[in-house]
Amino acid sequence: MKDGNALFEVQNIGKSFGATRALDSVSVEFKAGELLAVVGANGAGKSTLIKIICGYHADYEGKILVEGKEVHFHTPKAAYENGIATVHQIINEGVVPSMTVFENLTLAKLLSPELPLFYDKDKLRDEARQIATTMGLEIDLEKTVSDLSQSERQMIAIARALANKPKLLILDEPTSSLSEREAGRLFAMLGRLKEMGVSILYVSHRLHEINQLADRVIVIRDGKMAKTLHRPFLVKDMVTAMVGEIPKHSALAERDRELKETNLQLELRELVVAEGIPPLNLKIRKGEILGLTGLIGAGKTELAQVLFGIKQPVSGEIRLSGKVVNPRTIYEAVRAGIFYVPEDRAENAVIPLFNIRQNMTLPFLGIFEKIGIVSTKAEKVKVKSMIKSMGIKCEGTESEISSLSGGNQQKVVVARWLLEKYNLVIFDEPFQGVDIRSRHDIGEYVRENIGDKAAIIIATDIDELIEIADRIVVMNKGVIVGEQEYEKINRDELLHLVAQETNENTYKESIK
Amino acid sequence: MSSYIDQDKMIQSKSEFFKRFAIRYGFLIVMAMLFAFFSWWNPVFLRPVNLFSILLGATIYAILALGVTFPLVIDGLDLSIGSVAALSVMISAYVMVVLDASGVLAILVCLALGAGIGAINGFLIVRVKIPDLLATLGMMFLVQGVQLIPSGGRSIGRGAVLAGGVVAPGRFSDYFLFLGQGRIFGIVPTAVAIMIAVAIVVFVVLSLTRWGRVFYAIGSNAEAARLVGAKVDTYRVMAYVISGTVAALGGIVLAARVGRGDVSSGGTLLMDAIGSALIGFAVLGVRRPNPFGTIVGAIFISMLMNGLSMMNMPYYVQDFVKGSVLVAALAFTFGLSKGRT
């Protein structure tokens, strides 16, 4: 199979949505055993391209060729039957959480009308086992998927997509909710697939990954092919082709550090987040943006939940500008000026029924109130200025939130917490599926407006933190195991701290 | 994902325009056509007296529907409203006729009972975590039983003979009856005025205040609402308290209209009220509970029943037509505007 001939080809593909030209004359060849990465800013047209290839948009310009023959997919099913399998960004759309691993792996069989009413469960189980072995899945097949981690679910979703032995596998942001180590397992699997001659189309905002994985990179910008890159790549080239030059952020060091050195905005003293976990001590200076990283389950989100009053700490103190706050409810936390942008915006932040304005003003409707009535006019003024200063791409304040791209939706739910003055703002995985330009926009806005307050940014992806944080703190199994200042960031060392098996309270001792 | 669906939405073709027009005004057009049809069939339909009777016919369940809008907004449902209204009828009669107490006291007792039942509903749903449908269904049966207890299963009218053979001493007070039978300045029926007042209050609360915004936010994504600091549980309990209180108010107006405590009152109130609120989703194609739509829905049902009666349709056909209209209206709004979620 590995002869380098084009398995699939798209020629001069184009698509318009009304007056918007989403994709314009894009031609790509997919070769057997090759991993082709597509990168581009939010709304550049990556998803449109994928959706045309996988049969979601039946109405497009140009040609799709399968092994030299022209085809036209009218449904996703037709594409699937022609050997194109797609794993979409939202993992839980790819698995059935209430079923077992075995049932998930054989779902296509289970749902097929040819399956007899009383089917041979053991035979199916054998099949599932076989799939699992080929894929290198080390998961108990009898476990229910809802008990599994995100990465395991992701693996199952991919394994399911592979059940039909596809020739082209499309992965849309497969690592957006995986930790570095989990992603590593996924990459190993992709390597095996390449050896089997599968062509892989890989979409991601994580350029580091692409640098590590891809055989070829296509950059899409404003619906057009901006550049094709071959190995060896430079991440810088990709970024420039995607969005143009992006300036490095000015770290705290270059700003007025003296004042901030001495003054603490947040201090955690012997804070015990949950039973059985050693107490945390952490200091954040005024005007500092702290990056917090670690694997999933390292205790980052739990810490944020305690700070935001969602969970109660076992013991210890949370001090804001020297005063103990310890919020007991979310309401109290907000009153104390502690704001929290939760992870997973679709689940926890976006109100789908509301437009941009209503989504943005939700936490602080009080400031727009006149004699008990919310003034839409006042809201619009404020929201308009936020849209402008955060660079939210939209038609206006009254557009549906769902009409925005993921990155712009994220900007809206971030903006909602920047309407009022905060003492501490916590962003939990704010950059999931957000491109580097939007990340930069959000980061710059926070940086410019932080004043003498403090921000915590939680992310599993260290590169995202390097882009924005003044200092990066690593958590591992509920314990703070290390930290680095922006000027002295050593990526490999951080990764080591993130992944190591913790047994060391040495670091904790050393900072005391 | 959704952004692409929405780009699809941006296609500005003619068919798209008609579709949107149909979603927005389709229901009102159908209603206008029906109105024209009934007027043509029988000119009596158009007489002011009849038009007022359509409006009056709608008031009771329109009031209930306005109350149940709150549970609907938070993505819940309250099935106990019909029996709460019926309880209100019995209790107001009991307080005034049997206990010979004042109408004001009767009103206060009824409203308090309605609020209390709503609070229990809210407690069962929020704390005990019984699904809203089941909790309020259970409450519906419970309240249906309770309303029969004070009078021993008998209706209470003026001079009713009580269990011990005693004749009830009291009667419905005049100002109480005014709520159901009177006219303000001799023109607007009080019941209609009450309905309009409730509608205005519901509209102001839901559409103009912070609370309304939070109610809608909870209905759309409760977790997100919780994470911006909204006291979601309190709001949810409040939704049921409001719905129970307003249902009790509906019962008071009904009692005032019939002037006696009838055990069989409130039979079809639940379905008519919920039907009105659901038809309200279709009015203007907003696909969410809204007071304006609810009122229009209630008037629509009343007009339909009135018109069909004039055509001498038997009552069992009327129920069938009512149900069909409800299903059609819902299929219309939700089916045509699928892409919007």
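Predicted model: local features only at pLDDT ≥ 70, side-chain atom pairs only at ≥ 80, totals over all residues.

Guide: Residues are numbered from 1 along each chain as its sequence is written, chains are lettered from A and ligands numbered from 1 in the order in which they are written, and side-chain values use heavy atoms, with hydrogens and water left out.

Visitor: How many aromatic pairs are there over all chains?

Guide: Rings of Phe, Tyr and Trp (its six-membered ring) pair if their centres lie within 6.5 Å; planes under 30 degrees apart are stacked, over 60 edge-to-face, and the rest tilted. Over all chains, the number of aromatic pairs is 16.

Visitor: Which kind of pair do Phe364(A) and Trp417(A) form, and why?

Guide: The ring centres of Phe364(A) and Trp417(A) are 5.7 Å apart. Their planes stand at 85°, so the pair is edge-to-face.

Visitor: How many residues apart are Phe364(A) and Trp417(A), and where do they lie?

Guide: Helices (H or I, at least four residues) and strands (E, at least two) are DSSP runs, numbered from the N terminus. Phe364(A) is in the loop between α14 (356-361) and β17 (369-370) of chain A, and Trp417(A) is in the loop between α16 (406-415) and β19 (424-428) of chain A. The pair links distant parts of the chain, and its members are 53 residues apart.

Visitor: Are Phe364(A) and Trp417(A) buried or exposed?

Guide: Buried means under 20% relative accessible area, exposed over 50%, and partly exposed in between (1.4 Å probe, protein chains only). On that scale, both Phe364(A) and Trp417(A) are buried.

Visitor: Which kind of pair do Phe37(B) and Trp41(B) make?

Guide: Phe37(B) and Trp41(B) are 4 residues apart in helix α2 (residues 14-41) of chain B, separated by about one helical turn. Phe37(B) has 34% relative accessibility and is partly exposed, and Trp41(B) is partly exposed at 47%. Their ring centres are 5.9 Å apart and the planes are at 40°, so the pair is tilted.

Visitor: Which ring has the charged end of Lys231(B) over it?

Guide: A charge sits over a ring if NZ of Lys or CZ of Arg is within 6 Å of the ring centre and within 35 degrees of the ring normal. Lys51(A) has its charged end over the ring of Tyr56(A), 4.9 Å from the centre. For Lys231(B), the distance to the ring centre is 4.1 Å, and the ring belongs to Tyr331(A).

Visitor: How do α3(B) and α13(B) lie relative to each other, and why?

Guide: Axes are lines fitted to C-alpha atoms, for helices over the stretch in contact, and angles run from 0 to 180 degrees between N-to-C directions. Angles under 35 degrees are roughly parallel, over 145 roughly antiparallel, 65 to 115 roughly perpendicular, and the rest oblique. Helix α3 (residues 48-73) and helix α13 (residues 291-310), both of chain B, pack at about 140° with axes 8 Å apart. That makes α3(B) relative to α13(B) oblique.

Visitor: Which residues of α12(B) make the contact with α4(B)?

Guide: Contact means heavy atoms within 4.5 Å. Helix α4 (residues 81-98) and helix α12 (residues 269-282) of chain B pack at an angle of about 130°, with their axes 7 Å apart. That makes α4(B) oblique to α12(B). Ile81(B), Gly82(B) and Ala85(B) of α4(B) meet, on the α12(B) side, Leu269(B), Leu270(B), Ala273(B) and Ile274(B).

Visitor: Which chain B residue does Arg213(B) touch, not counting residues up to four places away in sequence?

Guide: Arg213(B) lies in helix α9 (residues 210-220) of chain B and is buried at 8% relative accessibility. Residues of chain A that it touches include Phe354(A), Arg357(A) and Glu379(A). From chain B, the list has Leu206(B).

Visitor: What is the phi of Ser321(A)?

Guide: Ser321(A) is in the loop between β14 (315-320) and β15 (323-324) of chain A. At 41% relative accessibility, Ser321(A) is partly exposed. Although Ser321(A) is not a glycine, its phi is positive, at about 45°.
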